[in-house]
Amino acid sequence: MAAMTSSSVGTHATRTPSPSEQQMIDDILLLYQLKPTEKAYAHYSPSAVFHDPVSIAEGLDSIRSQFNGMPKVFAESTTQKCDLLAESDASNLALNLTQKYVFKSPILFKEKGTEKTVNSKVTLHLNEQGKVERHDEEWDWQGNKSEEDGFVGKMQQARKKIDAKVVEKGVPTDPGKV
């Protein structure tokens with residue numbers, strides 16, 4: 001009987017990752033856990049794209065800025081669950097990720113603010129060299145809007161690209177400077 005995992009939209013079959021898949025997953029989870037490292041970024045191709053409901057970061061430097069900027073917003077980020085879905089193959093690693101975020105407090109002398117737990121489908125699309133070419137994160141397993149979704153999708157896609165550029169301008173790409 002296959003192992004199962006539950007998400008915000010139902011249950012899904014899982015499988016055990018290979019050692020190399022597990023290493024990639026563990027390294028990339030460090031980005032979500034506010035611990036960006038060169039080792040994590042080494043899994044991405046220079047032309048990689050990160051797409052979530054907030055931004056579309058195009059290129060490795062922009063992706064670095066997105067994840068390196070997270071400690072400016074969050075006091076904590078804890079992975080509560082991460083399962084490799086059985087649909088994964090050599091070119092696509094699909095994950096059921098539950099991440100708990102704790103915002104920094106806007107109140108002086110108070111370290112932590114609001115908490116939010118997000119269940120996402122994360123898909124890492126790999127190129128022939130095994131590098132992440134596209135990293136999609138779908139909150140609550142709802143597909144990310146893009147220009148293929150008509151006028152509203154085009155507007156959201158433009159906003160997300162602008163959001164990524166704004167972050168890129170203000171956040172260093174070097175994880176050692178975070």
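This is a predicted model: local features need pLDDT of at least 70, side-chain atom pairs count only at pLDDT 80 or more; totals for chains, interfaces and linings use all residues.
A polar contact is a pair of N or O atoms within 3.5 Å; within protein, one must be able to donate a hydrogen and the other to accept it.

**Entry 1: asparagine 68**

I looked for a polar contact made by the side chain of asparagine 68 and found one with the side chain of tyrosine 41, at 2.7 Å. Asparagine 68 sits in helix H3, which covers residues 60–73. Is asparagine 68 buried or exposed? Its relative accessible area is 1%, and buried means under 20%, so I put asparagine 68 down as buried.

**Entry 2: the chain as a whole**

I then stepped back to the overall layout. I listed 4 helices and 8 strands in the chain. Going along the sequence, I wrote their order as β-β-α-α-β-β-α-β-β-β-β-α. The chain has 178 residues, and 43% of them count as buried. For contacts with a separation of 6 or more, I noted that 55% join residues 24 or more positions apart.

**Entry 3: cavities**

How many cavities of 30 Å³ or more does a search of the whole structure find? I recorded 2. The volume of the largest cavity is about 50 Å³. I wrote down its lining as Ile25, Ile28, Leu29, Tyr32, Cys82, Leu95, Leu97, Val122 and Leu124. Helix H1 (19–32), strand S6 (92–104) and strand S7 (112–126) are the elements that each give two or more residues to this lining. Which element gives the most? I marked H1, with 4 residues. Sorting the lining of the largest cavity by residue type, I got 9 nonpolar, no polar and no charged.

**Entry 4: positive phi values**

Most residues other than glycine have a negative phi.

Leucine 34 has a phi near 65°, positive although the residue is not glycine. I placed leucine 34 in the loop between H1 and helix H2 (38–41). With a relative accessible area of 16%, leucine 34 is buried.

Tryptophan 141 went on the page next. Its phi is near 60°, again a positive value in a residue other than glycine. I found tryptophan 141 in the loop between strand S8 (132–139) and helix H4 (150–170).

Key. Residues are numbered from 1 along each chain as its sequence is written. Side-chain values use heavy atoms; hydrogens and water are left out. Buried means under 20% relative accessible area, exposed over 50%, partly exposed in between (1.4 Å probe, protein chains only). On a 1 Å grid over the protein atoms alone, a cavity is a set of points where a 1.4 Å probe fits but cannot get out, and a pocket is an open set with protein on both sides within 12 Å along at least five of seven lines; lining residues have an atom within 4 Å of a point. Grid points are joined across faces, edges and corners, and a volume is the space filled by probe spheres set on the points. Ala, Val, Leu, Ile, Met, Phe, Trp, Tyr, Cys and Pro count as nonpolar, Asp, Glu, Lys and Arg as charged, and the others, Gly among them, as polar. Contact means heavy atoms within 4.5 Å.
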